[in-house]
Amino acid sequence: MGKIVKVSGPLVVATGMEDANMADVVRVGEQNLIGEILTMSGDSASIQVYEETSGLGPGAEVVTTGSPLAVELGPGLIENIYDGIQRPLEEIMKRAGANITRGIQVPALDRDKKWDFVPAAKAGDTVQGGDVIGTVQETSVVLHKIMVPPNLSGKLELVAKKGAYTVEDTVAVLKTAKGETVNLTMMQKWPVRVGRPYKHKYPPKAPLCSGQRIIDTLFPIAKGGTAAVPGPFGSGKTVVQHQLAKWSDVDIVVYIGCGERGNEMTDVLREFPELKDPRTGESLMKRTVLIANTSDMPVAAREASIYTGITIAEYFRDMGYDVAVIADSTSRWAEALREMSGRLEEMPGEEGYPAYLSSRLAQFYERAGMVECIGSDAERRGSLTAVGAVSPPGGDLSEPVSQATMRIVKVFWALDSSLAYKRHFPAINWLNSYSLYLDSLKPWFDENLGKAFLRDREKAMTILQEEASLNEIVQLVGKDSLSPGDQLTLETAKMVREDFLQQNAFVDIDSYSSYDRQEKLLGMILEYDRLCREAIGKGAQTADLFDIPARERIGRAKSVPAEEYVKVYADIASSMASEIDACAAKGGLDA
């Protein structure tokens with residue numbers, strides 16, 4: 001037991017802590033505020049407190065729990081809403097009202113609720129860490145696998161019969177090689193700052209289909225990959241991340257609201273239960289874990305929320321699921337690091353951020369990946385995809401958090417305020433963004449969408465880049481002075497931008513676009529470009545080509561219902577070809 005000698009905001013210094021260790025969780029003061037030891041010097045410990053410290057003063061007692069900050073993993077995670085240190089907010093509201101009472105202790109997993117356990121192993125089986133000993137149907141879409149904790153192995157002496165048990169009930173008894181007997185429950189704990197183990201990490205080979213055309217076609221992210229969404233205020237970072245959470249083809253979504261505005265988190269909390277999962281038809285919350293740590297919550301808990309979220313995600317990855325972690329935003333997390341670093345009187349780095357900013361960001365993103373899970377089941381593979389928003393002050397991408405993130409992630413979706421002001425959403429700038437997964441995903445695209453898909457992508461990118469060059473000329477001499485071919489390039493680029501890349505998150509038909517639909521729509525636009533170039537060569541007038549009825553139909557093609565698009569797109573392509581042929585014939589006659 002120690003005594004407080006200094007209080008500086010969320011930082012508390014206590015002496016008499018010689019029995020404590022670095023990273024231990026402690027209880028501070030009469031209210032039992034939860035904190036974590038950051039540094040140790042002799043018997044003096046610097047502690048970051050995850051709750052409001054007003055009222056604390058020198059002389060207050062500090063008691064160490066002897067264990068690091070850990071999360072509880074087991075049935076009951078899905079559909080739950082936690083704060084940054086895994087306190088269940090809905091349960092706290094039932095007990096304490098609308099505001100979180102300081103020092104309140106509520107277990108992360110409900111101790112009273114019974115779950116229907118179905119054994120998957122039997123007495124006498126030899127098991128190792130990660131092996132599945134039973135299953136629980138946690139929600140209608142998630143089968144929760146009860147696994148042997150990673151650090152245990154041995155022979156099962158007892159496995160519970162099929163029935164209803166709480167997370168604290170013993171469902172198996174394990175005898176280790178040392179002869180020790182361990183009771184296994186449906187719940188296990190894991191320290192948040194330590195990555196969960198895996199057998200092998202594989203290079204990502206399959207894309208994460210998000211239903212967002214500019215992401216899936218131009219700048220795809222792989223399952224098990226990393227991506228950053230940087231952009232200034234109002235450019236649509238949060239909506240992009242909401243779209244990824246709603247539509248990505250993953251089994252589990254962990255959404256971390258890290259330092260975001262309360263009204264945005266409220267939107268998420270209200271929207272997700274009402275949204276229908278396109279894969280199952282059930283509520284999206286049936287496969288979602290939400291971590292809400294808003295900007296008015298204690299800054300220290302914001303720093304912990306990122307680790308809490310990714311540890312929960314790793315747990316589901318170990319079951320063999322595809323998991324997406326959406327962190328909104330890592331800039332607010334970095335600001336929490338900066339504040340704590342300043343209070344610790346550490347030597348500041350660039351713009352006041354701690355010198356270890358880059359390594360902390362890397363520790364987060366490097367926990368993503370496509371892995372072979374631990375356990376005797378060699379076929380079990382899971383993936384963890386990490387997507388973090390970055391909120392650079394004033395949209396300045398040269399600031400430290402953006403630059404450190406760019407060095408780590410492989411996909412960079414650069415949001416542009418000028419596009420947002422034009423109401424072009426998603427406001428991802430196609431000239432500044434990039435994806436380093438294209439080469440590794442090429443075999444998947446070639447096999448599933450045909451070799452023409454990536455060729456079309458390259459063609460579309462070339463047209464958009466040519467448009468940027470031509471726009472400079474147009475500003476000097478005007479559009480009419482361009483050659484017919486260049487005028488067509490500008491028209492095609494406009495179609496790619498407005499009819500393909502632009503997407504409305506609030507219109508159901510346009511909110512999600514399958515890969516097949518994306519491939520057909522882009523192919524139709526580029527076919528228009530190809531046929532028009534042939535017609536121009538035969539003497540057709542660009543004004544006539546731009547006015548054909550099929551041109552307007554292509555503009556409305558993205559609003560065609562999902563069950564009709566194949567037939568409608570084929571009809572548009574047929575009409576387009578005949579209308580362009582008529583323009584070419586007319587041009588030939590005029591010549």
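Trainee: A crossing counts as left-handed if the near helix is turned anticlockwise from the far one by less than a right angle, and as right-handed if it is turned clockwise. Is the crossing in which helix 7 passes helix 8 left-handed or right-handed?

Mentor: Please keep in mind that this is a predicted model. In it, helix 7 passes helix 8 in a right-handed crossing.

Trainee: Within what distance do the axes of helix 7 and helix 8 come, and at what angle do they cross?

Mentor: The axes of helix 7 (residues 357-365) and helix 8 (residues 400-408) come within 9 Å, and they cross at roughly 45°. Helix 7 and helix 8 are therefore oblique to each other.

Trainee: Which residues make that contact?

Mentor: From helix 7 the contact has Leu357, Ser358, Leu361, Ala362 and Tyr365, and from helix 8 it has Pro400, Val401, Ala404, Thr405, Arg407 and Ile408. By class, the contact of helix 7 with helix 8 has 8 nonpolar, 2 polar and 1 charged residues.

Trainee: Which residues in helix 7 are buried?

Mentor: Leu357, Leu361, Phe364 and Tyr365 are buried in helix 7. Seen down the axis of helix 7, the buried residues fall within an arc of 90°, so they line one face of the helix.

Trainee: And what covers the buried residues of helix 7?

Mentor: The cover includes helix 8, along with strand 19 (226-230), helix 5 (299-317), strand 22 (322-328), helix 6 (330-343) and strand 24 (381-390).

Trainee: Which residues in helix 11 meet helix 14?

Mentor: Phe453, Asp456, Arg457, Lys459, Ala460 and Ile463 in helix 11 meet Tyr515, Glu519, Leu522, Gly523, Leu526 and Asp529 in helix 14. The residues of this contact divide into 6 nonpolar, 1 polar and 5 charged.

Trainee: What about helix 3 and helix 4: how far apart are their axes?

Mentor: The axes of helix 3 (residues 237-247) and helix 4 are 12 Å apart, and the two helices pack at an angle of about 25°. That makes helix 3 roughly parallel to helix 4. The crossing of helix 3 and helix 4 is right-handed. Thr238, His242, Ala245 and Lys246 of helix 3 make the contact with Glu264, Val268, Glu271 and Phe272 of helix 4. The contact of helix 3 with helix 4 divides into 3 nonpolar, 2 polar and 3 charged residues.

Trainee: Now the loops. Where is the place of Met285?

Mentor: Met285 is in the loop between helix 4 (262-274) and strand 21 (288-293).

Trainee: Is Met285 buried or exposed?

Mentor: Met285 is buried, with a relative accessible area of 6%. Leaving out residues up to four places away in sequence, Met285 touches Ile78, Glu79, Phe272, Pro273 and Leu290. Met285 and Glu79 are 206 residues apart along the chain, and their C-alpha atoms are separated by 5.2 Å.

Trainee: In which loop does Ile85 lie?

Mentor: Ile85 lies in the loop between strand 8 (81-82) and helix 1 (89-96). At 9% relative accessibility, Ile85 counts as buried. If residues up to four places away in sequence are not counted, Ile85 touches Ile34, Tyr50, Leu69, Ala304 and Thr308.

Trainee: On to the backbone. Is the peptide bond from Asp328 to Ser329 cis or trans?

Mentor: The peptide bond from Asp328 to Ser329 is cis, with omega near 10°. Ser329 lies in the loop between strand 22 and helix 6. Another cis peptide bond joins Phe425 and Pro426, with omega about -5°. Pro426 is in the loop between helix 9 (417-421) and strand 26 (434-435).

Trainee: Is the phi of Ala23 positive or negative?

Mentor: Ala23 has a positive phi of about 75°, although it is not a glycine. Ala23 lies in the loop between strand 2 (11-15) and strand 3 (24-28), and it is partly exposed, with a relative accessible area of 26%.

Trainee: And what is the phi of Glu351 near?

Mentor: The phi of Glu351 is near 55°, a positive value in a residue other than glycine. Glu351 lies in the loop between helix 6 and helix 7. Glu351 is partly exposed, with a relative accessible area of 46%.

Notes: Residues are numbered from 1 along each chain as its sequence is written. This is a predicted model: local features need pLDDT of at least 70, side-chain atom pairs count only at pLDDT 80 or more; totals for chains, interfaces and linings use all residues. Side-chain values use heavy atoms; hydrogens and water are left out. Axes are lines fitted to C-alpha atoms, for helices over the stretch in contact, and angles run from 0 to 180 degrees between N-to-C directions. Helices (H or I, at least four residues) and strands (E, at least two) are DSSP runs, numbered from the N terminus. Angles under 35 degrees count as roughly parallel, over 145 as roughly antiparallel, 65 to 115 as roughly perpendicular and the rest as oblique. Contact means heavy atoms within 4.5 Å. Ala, Val, Leu, Ile, Met, Phe, Trp, Tyr, Cys and Pro count as nonpolar, Asp, Glu, Lys and Arg as charged, and the others, Gly among them, as polar. Buried means under 20% relative accessible area, exposed over 50%, partly exposed in between (1.4 Å probe, protein chains only). The arc is that of the directions from the helix axis to the C-beta atoms.
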